[in-house]
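Structural terms rest on cut-offs.

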Amino acid sequence: MSSAPTGGKPSLPPRPISVSTARGPSSASGKPLPPRPTSREEVVASGTAEKGKGKTSKDKDQKAEAEKVPRKLKGQVKSWLEKVQNKQIWRKVLHRIRNNRNHTIMNPHVNYQKVHMAGIIRHYSLLERVAEQGFHSNVLELCRAYSEFRPVLGDGECFYRSFIFSYLEQVLDRQDTHEEHRILAAVKGVARQHARLGWASEFSSSHKAFKKLIKKVMRWKTHSRWKHVPTINSYRTEKLLEFFSSYDKTNDIFTFLRLVAAIWICSHSEEFEPLIPELNEGYTLTDWCSREVIQRKVFTDHIQIIALVRALGVPLRVEYLFQEVGQDLYTGQTSEDDISICICLPCHHHVLPPAHQVPRVTVLYSDQHYDVIYPYCADGKVILTDVRSSQQSDKIECPTAAKSPSQHQGSSYSDEKSSQRLTG
C-alpha cells in the first residue's frame, strides 16, 4: 500500500469520461438526447444556398466557356485572314512574275511602243544578214521617208494585223466619224456580194464582230473627252492596243478581212483569174480562195492584198526592206459603182464631205513578214520624201512583173519562222 505524499491531501482517482459527454448532449437521466430535427426553413435555406453556390459555379463555367469561344474564333479568323492575305500577296507576286516572264519571252501581238527608225538596223539584224547573205538594204531610203515603225507578231496574220491596226490608229486620230460611216457602208456592199455568191461561211458572225469594233472606235472617241488621261490620243491608242492584245477579240476580225478579200476576188473573177496560172477545170477560183485566202495563217500575197484594199477602199503602200522598191498597191481611185456603194447606206444616207480623205496605210515587208511603218507628218498630213510613190499606180500587175514576195518561197506559206527570227 502506497503512502500518501507528505504534507498534502491524498490524490483522488481520475474522473471517468462520460459517454454522453463524448457523444453529445444528454438528458437528466444520463441518456443521450436524439438529434434536433432541422426545420423546413433551414432546409430550404440550406438548399437555396447550395443551389446558389452551384449556380454561381455553373455561371462561372459558362462565362469561361463563352470567353474561350470568341478567343478561339478570333484566333481562327485571324489565322484564316493571314492565310488569305498571304495567298493574295503570293498570287500578286506570282502574277507579276508570270507577266514579266511572258513579256520577256513572248512578244506582244502589237508592240506597245513605236520604234525610231534608228533602231531598224538592230531590230532586223541588218548588219549580220547583209554580211552573211549579201542582201542590199533600203534602210537609208526608208530612214529619209519614215520616222518610226511598230513591230507586230509574226504568226501568219501579220499583214491583216498591221493593216487594220494602222488604219484604225489613224481613224482614232480624227475628231469626226465620217470614215467610220464610210467603212461600214463599204462592208455592207461586200455583204451584198457575199449574198450573191451564196457561200456558206463565217461571214455573218465575223461581219458583226467587225461592225462592233468600228462602233467601239466611235465610243472611244467620245469617252476620251471626259477621261483623265495625259492626252486624248494616248487613251485611244491604249484602248486599241488592248483590243489587239489577244486572239479572243482579233480572230473574228482576221477571218472577216480574209473573207472580204476572197469575196472581192470571186466577184471580180475576170480581173483576177489571169493572175493565177494554176487555175484549171478541176481547180477553180473559189477553190483557190478557200485554200490561199480564207484559210487561217496562210501568207498574204499581192493578189489578196489588192483585193482587200479595193473592197474597203483604203489606200495602201508596201515598202520593202531588201532589194525591191516600194509599191502603191492601191491609191484610192475607185469606179463610179464602188463610189456609190461606199457613200450611201441602205437605211440612211451619210454624205461624206468633199475634202474627206481616207487614211493611207503603209506597211514594211521583210522576209515574209509585215510591220507597221510611219511616214513623216506635218500638220496632220503625211509627207513622203520618196518620189517613187508618184510613179506607182493601182493597176493589178502580174506577180512575175511586180516581183511578188511569194515569188521566192512559193504561192502560200506561213510567216511563223521569220517571226521567230524577227521577234525572238
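Contact here means heavy atoms within 4.5 Å. The model is predicted.

Q: Which residues of α8 and α10 meet in this sense?
A: From α8 come Phe203, Ser206, His207, Ala209, Phe210 and Leu213. In α10 they meet Asp252, Ile253, Thr255, Phe256, Leu257, Leu259, Val260 and Ile263. By class, this contact has 10 nonpolar, 3 polar and 1 charged residues.

Q: How do the axes of α8 and α10 lie?
A: Helix α8 covers residues 203-223. The axes of α8 and α10 come within 8 Å and cross at roughly 115°. Their crossing is left-handed.

Q: Which residues join α7 to α10?
A: On the α7 side they are Val187, Val190, Gln193, His194 and Leu197. On the α10 side they are Phe256, Val260, Ile263, Trp264, Cys266 and Ser267. The classes in this contact are 8 nonpolar, 3 polar and no charged residues.

Q: Why is Tyr160 called buried?
A: Buried means under 20% relative accessible area. Tyr160 has 1% relative accessibility, so Tyr160 counts as buried. This residue is found in helix α6 (residues 158-172).

Q: What does Tyr160 touch, not counting residues up to four places away in sequence?
A: Tyr160 touches Phe254, Leu257, Arg258, Thr300, Gln304 and Leu308.

Q: How many residues apart in sequence are Tyr160 and Thr255, and what is their spacing in space?
A: They are 95 residues apart in sequence. In space they are 9.5 Å apart, C-alpha to C-alpha.

Q: Which residues of α12 are buried?
A: Helix α12 covers residues 285-292. Its buried residues are Leu285, Trp288, Cys289 and Glu292.

Q: What covers the buried residues of α12?
A: The cover includes α10, α11 (269-272) and α13 (302-312).

Note on methods. Residues are numbered from 1 along each chain as its sequence is written. This is a predicted model: local features need pLDDT of at least 70, side-chain atom pairs count only at pLDDT 80 or more; totals for chains, interfaces and linings use all residues. Side-chain values use heavy atoms; hydrogens and water are left out. Helices (H or I, at least four residues) and strands (E, at least two) are DSSP runs, numbered from the N terminus. Ala, Val, Leu, Ile, Met, Phe, Trp, Tyr, Cys and Pro count as nonpolar, Asp, Glu, Lys and Arg as charged, and the others, Gly among them, as polar. Axes are lines fitted to C-alpha atoms, for helices over the stretch in contact, and angles run from 0 to 180 degrees between N-to-C directions. A crossing is left-handed if the near helix is turned anticlockwise from the far one by less than a right angle, and right-handed if clockwise. Buried means under 20% relative accessible area, exposed over 50%, partly exposed in between (1.4 Å probe, protein chains only).
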